[in-house]
Amino acid sequence: MKVVLFCGGYGMRMRNGTSDDVPKPMAMVGPRPLIWHVMRYYAHFGHKDFILCLGYGAHHIKDFFLNYEETASNDFVLRGGRTELLSTDIADWTITFAQTGIESPIGERLRRVRHHLDGDEMFLANYADVLTDAPLPEMIDRFAARDAGASMMVVPPQSSFHCVELGEDGLVGGITAVSELPLWENGGYFVLRQEIFDHIPEDGDLVADGCAQLAKRGRLVAHQHRGFWKPTDTVKERAALDEAYARGDRPWAVWERDRAGARA
């Protein structure tokens, strides 16, 4: 199944300075950028045909893959001055690089790569900056069995703030952590059918337009995930993931977990 990755936004909250033009999906977590971790997640489950919706800082993404160094994340033997890889990351991947505009909303980016989907009934989509250990095959199978136009992974609210209940007299009736409220937020992992294109207007948005219209028609389903899910909207969040990677705490790296289980 093809995987559409939206990786052309500015990511202003990740900026290190005014001269920094590196797009957010290229922020480093361990020895590899975020987009690599997301792609490894999909590839682990057999989805290795990627369509990258490029925009801001596109040359960084192109250069990374055009000059990819397999030795950074794979074991190898150096023999007679030549490198012999014991495993590879991207040798069997197909990656389409598509410039979808600097200012384009996500829905418009998706519209502009529709022709690369070859009319596939179903495909996957992702913001390319959120890491998770969600069971992708289960997410796909549940959606495939439903008569719906799109599936959105949803997660509990991540905010650490508290909501305060107020009475008319100004007295506090209760205090509840946002994470404990019966609410869900968009987790950024989508399974889509071609039907989504019927509801995204020119310069429209995937969620606010496409998914919202499907929801009104009862054709949007949610996959609830309470496991690991971490966004990287800020420098602090990216740094936390980098630190977790360094100490070996990386539940999103399902390819490492399953490989370790096979060795055991």
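1. Start with tyrosine 68: at a relative accessible area of 13%, this residue is buried (buried means under 20% relative accessible area, exposed over 50%, partly exposed in between, with a 1.4 Å probe and protein chains only). Phenylalanine 65 is buried too, at 9%.

2. A word on what you're looking at: this is a predicted model, where local features need pLDDT of at least 70, side-chain atom pairs count only at pLDDT 80 or more, and totals for chains, interfaces and linings use all residues. Residues are numbered from 1 along each chain as its sequence is written, and side-chain values use heavy atoms, with hydrogens and water left out.

3. Back to the rings. The structure holds 14 aromatic pairs (rings of Phe, Tyr and Trp, the last by its six-membered ring, pair if their centres lie within 6.5 Å; planes under 30 degrees apart count as stacked, over 60 as edge-to-face and the rest as tilted). One of them joins phenylalanine 65 and tyrosine 68, and that pair is stacked, with 6.5 Å from centre to centre and 5° between the planes.

4. Tyrosine 127 and phenylalanine 190 are edge-to-face, because their planes stand at 75° with the ring centres 5.7 Å apart. This pair links distant parts of the chain, 63 residues apart: tyrosine 127 is in the loop between strand 8 and strand 9 (130–132), phenylalanine 190 in strand 13. Phenylalanine 190 is buried, at 1% relative accessibility. Elsewhere, ring pairs tie Tyr41, Tyr42, Phe45 and Tyr189 into a cluster.

5. Arginine 193 lies over the face of phenylalanine 143, 4.4 Å from the ring centre. Arginine 250 has its charged end over tyrosine 245, at 4.0 Å.

6. Now the sheet: 7 strands, open, mixed pairing, in the order 7-4-1-8-13-10-14. Strands here are DSSP runs of E with at least two residues, helices are runs of H or I with at least four, and both are numbered from the N terminus; two strands pair if DSSP finds at least two bridges between them. Strand 7 (94–99) and strand 14 (220–224) each have a single partner strand, so one side of each lacks a neighbour in the sheet.

Note on methods:
A charge sits over a ring if NZ of Lys or CZ of Arg is within 6 Å of the ring centre and within 35 degrees of the ring normal.
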